[in-house]
Amino acid sequence: MGKHIGGTGLIGTLLRGLVLLLAVGLVAGAGWYVLRNNSAEGAEGGCPTTLHVVTASSFATVVSAAGRTLRGGDDCVLVDTTSTDGRPAAGQLTQSRADLWIPDDASWDMIAPPQFLAKKDTLNAYATLASSPIYMVTDPATGDRINAGGGSWLALSGLLNTKNSGVRMVVRNPAMSGDGMVGAGAVGEAVWLEKGMDASSLVLTNVLTVTRTVNHDLAAVPEAPGEVGLIPEYALLATLRLAKTDRRYIVGSDHTALLRYTWLPSAAAAANPKKAAALRRLYAAFTSAEGSRAIAEAGLRGPDNLRPIFDGANVLPEPTAKPFEVLQPHHVQHIFATWDPEDRRSNLLIVVDLASNGSSSPPTSPPPGKQVTQPIEVLRNGCLVLSGLMPVGSRLGLWEVSPGSPGYRKLMPTDRLDDTSRASFEKQVGKLAAHRTGPGLFDTLVAAYQSVRDDYQDDMFNQVLVFTDDQNKDSANTAAVDALVQKLTDLQDPNKPVKVSVVVLGRKESVDRLKTALKPIDAYVDAALNSDDVQAAFIHVVAGGLHE
């Protein structure tokens with residue numbers, strides 16, 4: 001244990017070391033890997049029971065080792081392994097008729113087909129079999145800057161979010177690897193816990209502009225000064241003895257970013273007595289001498305949380321901070337929506353309600369250090385941000401609340417977004433102006449909701465997004481708000497869910513009232529003081545439709 005392959009160059013040695021660790025042939029494609037275990041001798045009929053297991057590529061040798069302990073005797077169990085990383089595992093679960101899934105983090109459960117997985121604690125479901133902390137790996141000067149900020153994930157996010165800091169992040173594609181998702185998630189989670197959800201959304205969006213995303217290599221190795229690679233311990237252990245000696249390894253003083261290899265039996269296997277009995281035996285095999293040895297040889301920590309013994313491992317600081325919680329579905333979707341424009345695909349109708357109040361002053365004072373522009377500029381800039389974030393093929397419309405009947409004008413009917421319609425939308429946004437709107441906001445919202453519901457798109461998020469300064473104090477009209485909630489409730493179709501989001505331009509008291517009043521329809525309500533706030537709110541909206 002702890003042997004290494006010779007060679008020169010950090011990247012080369014890391015890749016060769018990982019190939020040694022995995023001890024399997026990996027087939028690379030767009031950042032994901034599929035591997036079939038052909039160690040099963042003969043057909044499935046060689047043993048009375050066969051378990052089809054889908055697992056992360058970094059855990060494949062462990063599954064094979066545990067499976068070997070079950071291959072003897074008349075009641076032998078054949079463990080047929082398919083290795084798939086990231087989001088492609090969702091399709092592999094059904095394609096391979098999986099009885100068990102062991103992804104490299106528990107948060108991947110959100111991509112499983114509905115009702116596919118057994119409920120928590122059924123046949124040890126959601127138990128952690130192994131773990132691996134993620135390190136920030138960088139050059140000495142950049143490491144000193146992170147440590148000067150406390151050596152935390154929050155310190156890293158602050159440097160990445162500071163313009164012209166010279167600090168860049170290197171991470172594997174979050175949609176295709178657990179260390180990419182949990183590593184990027186740690187940067188966002190540190191901000192989420194400190195400053196809230198919208199701040200986290202905006203930071204992740206800004207961080208993406210200074211990020212090198214690794215799609216094909218087996219680790220996010222930093223290559224230039226200022227780069228911070230997010231690399232799991234198991235990948236580092238393979239090459240520490242041959243790695244550059246001037247690296248800094250920082251584990252995070254505020255939280256530990258942790259991969260959790262998770263036992264997820266299928267509901268169908270749990271309901272099958274023969275499969276369930278075989279799963280119990282396989283689960284026990286991971287704590288056998290052979291299973292424990294395989295976990296250590298893969299560079300992973302077992303249930304005892306002890307680091308396996310590898311040459312040079314003493315340069316890695318031992319994690320002491322409490323691990324981040326498992327990323328919840330909404331948090332994961334924020335990451336996906338940040339990295340991949342296709343995850344921002346929406347059928348979105350924007351409703352604008354901005355009245356003239358006869359004043360050039362913003363409605364509320366900004367927090368210290370936060371610049372506030374005029375509401376109309378916030379609105380225009382925010383709408384342009386939204387248009388830029390949405391991919392071609394989305395649907396986008398723009399309505400404006402106006403006096404008289406029906407209480408709104410369709411500045412741009414909802415249409416498929418392409419270069420022409422995007423230019424048309426931006427032209428209409430440029431014409432937006434504050435004016436006396438009248439009390440038609442709620443009627444307009446009902447009409448907008450019905451329009452999106454009737455134009456429902458199965459392959460994207462369906463949403464109504466309202467921008468209002470609440471100059472008519474609609475939020476204070478309790479009877480009108482109650483009537484709005486009832487009308488929207490009556491319009492709801494469980495087969496055509498439409499998300500309602502309300503962004504109030506600057507009025508905290510309006511936000512507080514609407515958050516409470518619109519809870520029955522699960523609306524998202526928040527305030528915006530500048531276009532950054534609008535952008536952050538939109539990332540939340542399109543990350544969308546998933547709730548904690």
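**Entry 1: H5 against H6**

I looked up how helix H5 (residues 153-160) sits against H6 and found an angle of about 95°, with the axes 8 Å apart. I note that axes are lines fitted to C-alpha atoms, for helices over the stretch in contact, and that angles run from 0 to 180 degrees between N-to-C directions. H5 and H6 are therefore roughly perpendicular to each other. The classes I use are: under 35 degrees roughly parallel, over 145 roughly antiparallel, 65 to 115 roughly perpendicular, and the rest oblique. Helices (H or I, at least four residues) and strands (E, at least two) are DSSP runs, numbered from the N terminus.

From H5, the contact takes in Trp153, Leu154, Leu156, Ser157 and Leu160. From H6, Gly183, Ala186, Val187, Ala190, Val191 and Glu194 take part. I use contact for heavy atoms within 4.5 Å. Sorted by class, this H5 and H6 contact has eight nonpolar, two polar and one charged residues. Here Ala, Val, Leu, Ile, Met, Phe, Trp, Tyr, Cys and Pro count as nonpolar, Asp, Glu, Lys and Arg as charged, and the others, Gly among them, as polar.

**Entry 2: what I am reading**

This is a predicted model, in which local features need pLDDT of at least 70 and side-chain atom pairs count only at pLDDT 80 or more, while totals for chains, interfaces and linings use all residues. Residues are numbered from 1 along each chain as its sequence is written, and side-chain values use heavy atoms, with hydrogens and water left out.

I took the overall counts next: the protein chain has 18 helices and 17 strands. Of its 548 residues, 56% count as buried. Buried means under 20% relative accessible area, exposed over 50%, and partly exposed in between (1.4 Å probe, protein chains only).

**Entry 3: the cores**

I checked the largest nonpolar core and found 89 residues in it. A nonpolar core is a set of buried Ala, Val, Leu, Ile, Met, Phe, Trp, Tyr and Cys residues joined through side-chain atoms within 4.5 Å. Trp153 and Leu156 are among the residues with the most contacts inside this core. Helix H6 (residues 178-195) gives the most to this core, with seven residues. I then listed what Leu156 touches beyond its neighbours within four places in sequence: Met136, Ile146, Val167, Val187, Val228 and Leu230. A second, separate core of 29 residues includes Val401, Leu441, Val464 and Val511.

**Entry 4: Ser253**

I found Ser253 in the loop between strand S10 (248-250) and strand S11 (258-265). Ser253 is partly exposed, at 45% relative accessible area.

**Entry 5: Thr49 and S3**

I located Thr49 in strand S3 (residues 49-55). Thr49 is buried, with a relative accessible area of 11%. Apart from neighbours within four places in sequence, its contacts are Cys76, Val77, Leu78, Lys274 and Ala278. Seven of the seven residues of S3 are buried, so S3 is largely enclosed by the rest of the structure. Thr49, Leu51, Val53 and Thr55 lie on one side of S3, and Thr50, His52 and Val54 on the other.

S3 pairs with strand S4 (residues 77-84) in the parallel sense over seven bridges; two strands pair if DSSP finds at least two bridges between them. Val53 has Thr81 of S4 as its bridge partner.

**Entry 6: the six-stranded sheet**

I traced an open sheet of six strands in the order S14-S13-S12-S15-S16-S17, with mixed pairing. Strand S14 (408-416) and strand S17 (524-527) are the edge strands, each pairing on one side only. The twist averages 15° from one strand to the next. S17 runs parallel to strand S16 (residues 499-504), joined by four bridges, and Tyr524 in S17 is the bridge partner of Ser501.

Helix H13 (residues 375-389) packs on this sheet, touching strand S12 (346-353) and strand S15 (461-468), and its direction makes about 165° with that of S15. Helix H17 (residues 508-517) also packs on the sheet, touching S16 and S17, at about 170° to the direction of S17.

**Entry 7: H13 against H14**

I compared the axes of H13 and helix H14 (residues 419-431), which come within 9 Å and cross at roughly 170°. That makes H13 roughly antiparallel to H14. The residues of this contact divide into four nonpolar, three polar and three charged.
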